[in-house]
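Thanks for coming. I will go through one model today, starting with its domains and then moving to a few helices. Please look at the structure while I talk.

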Amino acid sequence: MLALCGSWLQSRIHKNDLVSTYILWDIDGTLIYNNSSAGSLYLDSIEHVTGVRPTQRVADPHGMTEGQLLAAILHVNGQDSGHLPEILSRLDELSLGQHEAGHTREPAVGTAQAIAAFASRGWVNAILTGNGPTRARFKVLAAGYCAEDFDWQHSYFGHLSPTRHHLTADARDALGENHAIIIGDTPKDGEAADTAGIPFIAVATGTYSADELRKSSALVVIDDFESGLDAVIDAVVDAIGSSSLR
Ligand SMILES: [Mg+2]
């Protein structure tokens with residue numbers, strides 16, 4: 001487990017500033033490495049509710065919100081999307097079961113140091129994910145992060161958002177005149193950041209390579225936070241120093 005606790009307190013020390021800087025972290029492929037367990041949980045949830053386990057895969061699931069992906073799975077398998085609220089609820093129950101069973105996830109390399117470095121500069125670490133809040137919290141905890149290292153009141157969850165664009169638009173509205181930066185691992189993260197006018201930073205610890213992510217509008221693309229932290233800090237400093245970016 002990582003020794004991450006404490007950066008939340010550091011970030012609070014700087015909160016007297018009128019304008020805060022929110023670093024909005026994606027979870028899958030960004031804070032934690034992807035694995036197949038999430039996909040299995042989706043199928044389990046659908047099977048528990050509908051009695052039928054989907055067999056057809058969604059072509060490009062990366063970067064979808066959870067509700068969007070579940071709806072797509074139901075669609076390609078000819079199942080009724082009206083079950084979605086119940087499936088999302090079941091997904092939370094299964095996530096709780098995993099958490100109580102001691103399920104673990106692997107944190108992406110260098111992220112612990114990045115979280116601490118951002119907090120030491122007074123920037124607020126928060127979450128922006130297509131997951132719901134329950135699953136997001138369990139995933140973060142499963143990877144050894146401290147829940148207190150993230151500002152959950154200024155975190156944004158897209159499980160009910162039709163697309164990631166809706167999620168980022170809601171986050172932009174909620175953060176008002178504060179600075180915001182999105183860190184993510186997929187082109188969809190970048191596209192959704194663009195439509196909301198939020199600067200995007202890409203990390204290649206998920207499914208996409210750095211070369212693929214360079215086709216996005218990312219301020220900077222890094223292989224991982226172990227080698228790329230300094231470049232990210234420079235990019236954030238530049239972004240929040242620009243009057244054209246909030
Ligand atoms: Mg991701």
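The centres of domain 1 and domain 2, taken over C-alpha atoms, are 25 Å apart. Domain 1 covers 7-33 + 106-241, and domain 2 covers 37-100; these bounds come from an automatic or database domain assignment.

Before I go on, this is a predicted model: local features need pLDDT of at least 70, side-chain atom pairs count only at pLDDT 80 or more, and totals for chains, interfaces and linings use all residues. Residues are numbered from 1 along each chain as its sequence is written.

Back to the two domains. How many residues does the contact take from each? There are 22 residues from domain 1 and 14 residues from domain 2, where contact means that the C-beta atoms of two residues, placed from the backbone, lie within 7 Å. On the side of domain 1 that touches domain 2, the elements giving two or more residues are helix H6 (133-142), helix H7 (164-175) and helix H8 (187-196). Helices here are DSSP runs of H or I with at least four residues, strands are runs of E with at least two, and both are numbered from the N terminus. H6 gives the most to that side, with five residues. By class, that side of domain 1 has seven nonpolar, ten polar and five charged residues. Nonpolar means Ala, Val, Leu, Ile, Met, Phe, Trp, Tyr, Cys and Pro; charged means Asp, Glu, Lys and Arg; the others, Gly among them, are polar.

Now H8. Seven of its ten residues are buried, meaning that 20 or more other C-beta atoms lie within 10 Å of the residue's own, with C-beta atoms placed from the backbone. The buried residues are Pro187, Lys188, Asp189, Gly190, Ala192, Ala193 and Ala196. What covers them includes H7, strand S4 (179-184), strand S5 (200-203) and helix H9 (210-213). Just after H8, Gly197 has a positive phi of about 75°.

Last, a helix pair. Helix H3 (residues 66-76) packs against helix H4 (residues 84-100) at an angle of about 120°, with axes 11 Å apart. The axes are lines fitted to C-alpha atoms over the stretch in contact, and angles run from 0 to 180 degrees between N-to-C directions. H3 contributes Gly67, Leu70 and Ala71 to the contact, and H4 contributes Leu84, Ile87 and Leu88. That contact has five nonpolar, one polar and no charged residues. Within H3, the buried residues are Glu66, Gly67, Gln68, Leu70, Ile73 and Leu74. After H3 comes Gly78, with a positive phi near 70°.

How values were computed: A residue is buried if 20 or more other C-beta atoms lie within 10 Å of its own, exposed if 12 or fewer, and partly exposed in between; C-beta atoms are placed from the backbone.
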